[in-house]
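Please keep the viewer open as you read.

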Amino acid sequence: MKVINVVGARPNFMKMAPIIEVMNRYPEEFDHILVHTGQHYDERMSRSFFVDLGMPKPDIDLEVGSGSHAEQTARIMVEFEKVCLREKPDLVIVVGDVNSTMACAITAKKLGIKVAHVEAGLRSRDMAMPEEINRLCTDVLCDYLFTTDHFANENLLAEGVSPDKMVFVGNVMIDTLLKHRELARGLGLVEKWGLQSGGFATLTLHRPANVDEPSIFRGILEALHQVAQEIPIIFPSHPRTRKRVEQFGFGDYFSDTEKPRGLWMTEPLGYLDFLHLNMNALMVITDSGGLQEETTVLGVPCITLRNNTERPITCEMGTNFVVGNNRDDILQHASKVLNGAAPRGRVPEKWDGKAAERIMDFLKDLASNKCLKSKSRAFIFENQ
Ligand code: UD1
C-alpha cells in the first residue's frame with residue numbers, strides 16, 4: 001500500500017511520529033512518504049520537533065508558509081495535488097484539525113484517493129473556531145475515521161456517519177507522550193531555571209479568540225499577572241501572540257528577568273523541554289487542544305481559557321477545567337488549584353501508548369484486502 005502521511009503545523013508532529021514509527025515496522029505492507037505542507041516553518045515551530053521526536057525528515061516540503069485561511073488552504077491544495085498526481089498513493093493519512101489537515105483531505109478525496117483521519121469526530125460546536133470547520137470538512141470526506149474516545153464516535157454517529165468507517169483506536173498523541181516521558185523527566189530545565197517542582201505554572205496562549213481582540217487579551221493578562229504574584233508562570237509564546245503583545249503594547253505585563261519570575265515569556269520550547277516543564281508544573285493554563293489531553297494523562301490540573309472544548313473527556317475524566325477567558329473566572333479557578341482543590345483525574349480508555357499499533361492493525365487488514373483503488377481514482381490518474 002502506497003501511503004502519503006501529511007503534517008503541516010506544530011500539533012501534527014507528535015500525532016504523526018508514532019504512526020510513522022509503527023508503519024516502518026512493516027516495510028512489506030507499506031511504502032510511505034512524509035509530506036510537510038510548511039504551514040509551520042520556523043525552526044522552533046517545526047524542525048525542532050522532528051529532532052526531539054526522532055522523526056524522519058519530510059520527503060517533500062510544500063513550503064506554503066503563512067497567509068489568510070483561504071490563501072494558505074488554497075496553496076496547500078495546489079501543491080498537494082501535484083504530489084498526489086506524481087506519487088499516486090493508495091491512501092493519504094491526515095491528523096488533527098489544522099488547515100493542512102482539511103486542505104489535503106479535500107485534495108486527495110477529489111482525486112479519488114482514500115483518506116484516513118486520525119483524531120476524527122472531535123467537536124467543539126463552535127463555528128467561530130477555524131479548527132471546527134476543518135474537523136467537519138475533513139470527517140465528512142474521509143473513508144476511515146480513527147477516534148480517540150467515545151464522544152467522538154457518538155458525534156460521528158449523530159452526523160450520520162456509517163459505523164463501518166469508524167475505529168476507536170485511542171490517542172496517538174499520548175503514544176508520543178508515554179514514549180518520551182522518562183527522557184523528559186531527566187532534563188534539567190526546572191533546576192536550571194531555579195524553579196521548584198510543583199511551584200510554577202506553564203502557559204500557552206495563541207487562539208485568535210483570545211489574543212486578537214485587545215480588551216479580551218488584556219483581561220486574560222490581568223488575571224495571569226495576578227496569579228503570577230503567587231507562582232511564576234512560564235509562557236513559551238507562539239509567534240502570533242508575541243506579535244500581538246508588541247502591537248497592543250502589552251509588554252509591561254511580563255517580567256524581564258533572566259530566569260522565570262512573575263509572568264515570564266520565552267521563545268516556543270521544543271517538545272521534550274515543554275513536556276518536562278508540564279510534568280513538573282502545579283498547573284497548566286492554556287487555550288490549546290492537545291494540552292488538555294496531555295495534562296489529563298500527566299495528572300496535572302489544566303485551566304482551559306476557552307468557552308468550550310472539543311475534548312470533553314478531559315473534563316469528565318481528566319484534570320481539565322474549561323473556564324473561558326473572563327478575568328474573574330480565570331482567577332477563581334486558578335485560586336482553587338493554588339489552594340490544592342483540584343482532582344487528579346483518570347486516564348481515558350485506550351490512551352495507553354498503543355493507538356498507532358491499532359491504526360496499523362486496521363491498515364494492514366485493508367492492505368491485504370486490496371480494496372483501496374476506486375474507479376474514480378483510476379480514471380483521474382489515467383487521464384492526467
Ligand atoms: C495553527 C492551527 C491551530 C493550532 C496552532 C498550533 C489552523 C487553522 N490553526 O494556528 O489549530 O493550534 O497552529 O500552533 O490551522 N507563524 C510564524 N512561524 C511559523 C508559523 C506561524 O511566525 O512557523 C506566525 C505567522 O505570522 C502566521 C501566524 O503565526 O501568520 C499564525 O500561523 P497559522 O499557521 O496561520 O496559525 P496558528 O495560529 O499557528
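This is a predicted model: local features need pLDDT of at least 70, side-chain atom pairs count only at pLDDT 80 or more; totals for chains, interfaces and linings use all residues.

Residues are numbered from 1 along each chain as its sequence is written, and side-chain values use heavy atoms, with hydrogens and water left out. Helices (H or I, at least four residues) and strands (E, at least two) are DSSP runs, numbered from the N terminus.

**The seven-stranded sheet**

- An open sheet is built from 7 strands in the order β3-β2-β1-β4-β5-β6-β7, with parallel pairing; two strands pair if DSSP finds at least two bridges between them.
- At the edges stand β3 (60-61) and β7 (166-168), each with a single partner strand, so one side of each has no neighbour in the sheet.
- β7 pairs with strand β6 (residues 144-147) in the parallel sense over 3 bridges, and F168 in β7 is the bridge partner of T147.

- How many residues of strand β4 (residues 91-95) are buried? The count is 5 of its 5 residues, where buried means under 20% relative accessible area, exposed over 50%, and partly exposed in between (1.4 Å probe, protein chains only).
- Both faces of β4 are covered, with L91, I93 and V95 buried on one side and V92 and V94 buried on the other.
- Strand β1 (residues 2-7) runs parallel to β4 and is joined to it by 3 bridges; here I4 stands opposite V92.
- Strand β5 (residues 114-120) also runs parallel to β4, with 5 bridges between them, and A116 in β5 is the bridge partner of I93.
- Together, β4, helix α4 (residues 99-110) and β5 make a right-handed β-α-β unit. A crossover is right-handed if, with the strands pointing away from the viewer, the path from the first strand over the helix to the second runs clockwise.

**Strand β11 and its neighbours**

- Strand β11 (residues 283-286) is covered on both faces: M283 and I285 are buried on one side, V284 and T286 on the other.
- Strand β8 (residues 201-204) is parallel to β11 and joined to it by 4 bridges, with T204 opposite T286.
- β11 is also joined to strand β12 (residues 302-304) by 3 bridges, and these two run parallel; I285 stands opposite I303 in β12.
- From β11 the chain crosses through helix α13 (residues 290-298) to β12, in a right-handed β-α-β crossover.

**Ring contacts**

- The structure holds 10 aromatic pairs. Rings of Phe, Tyr and Trp (its six-membered ring) pair if their centres lie within 6.5 Å; planes under 30 degrees apart count as stacked, over 60 as edge-to-face and the rest as tilted.
- One of these is the stacked pair of F235 and F254, at 6.0 Å centre to centre with 20 degrees between the planes.
- F235 lies in strand β9 (residues 233-236) and F254 in the loop between α11 (239-248) and β10 (263-266), so their pair ties together parts 19 residues apart in sequence.
- F235 is buried at 0% relative accessibility, and F254 is buried with a relative accessible area of 12%.
- Ring pairs also link F217, F248, F250 and Y253 into a cluster.
- The charged end of K350 sits over the ring of F168, 4.5 Å from its centre; this label requires NZ of Lys or CZ of Arg within 6 Å of the ring centre and within 35 degrees of the ring normal.

**The second largest pocket**

- The second largest pocket is lined by 15 residues, of which H36, S46, R47, P58 and D61 lie nearest its centre. On a 1 Å grid over the protein atoms alone, a pocket is an open set of points where a 1.4 Å probe fits, with protein on both sides within 12 Å along at least five of seven lines; lining residues have an atom within 4 Å of a point.
- Helix α2 (residues 47-53) gives the most to this lining, with 3 residues.

**Two loop residues**

- G112 has its place in the loop between α4 and β5 and is buried, with a relative accessible area of 10%.
- E43 lies in the loop between β2 (31-36) and α2 and is partly exposed, at 43% relative accessible area. The C-alpha atoms of E43 and P268, which are 225 residues apart along the chain, are separated by 9.7 Å.
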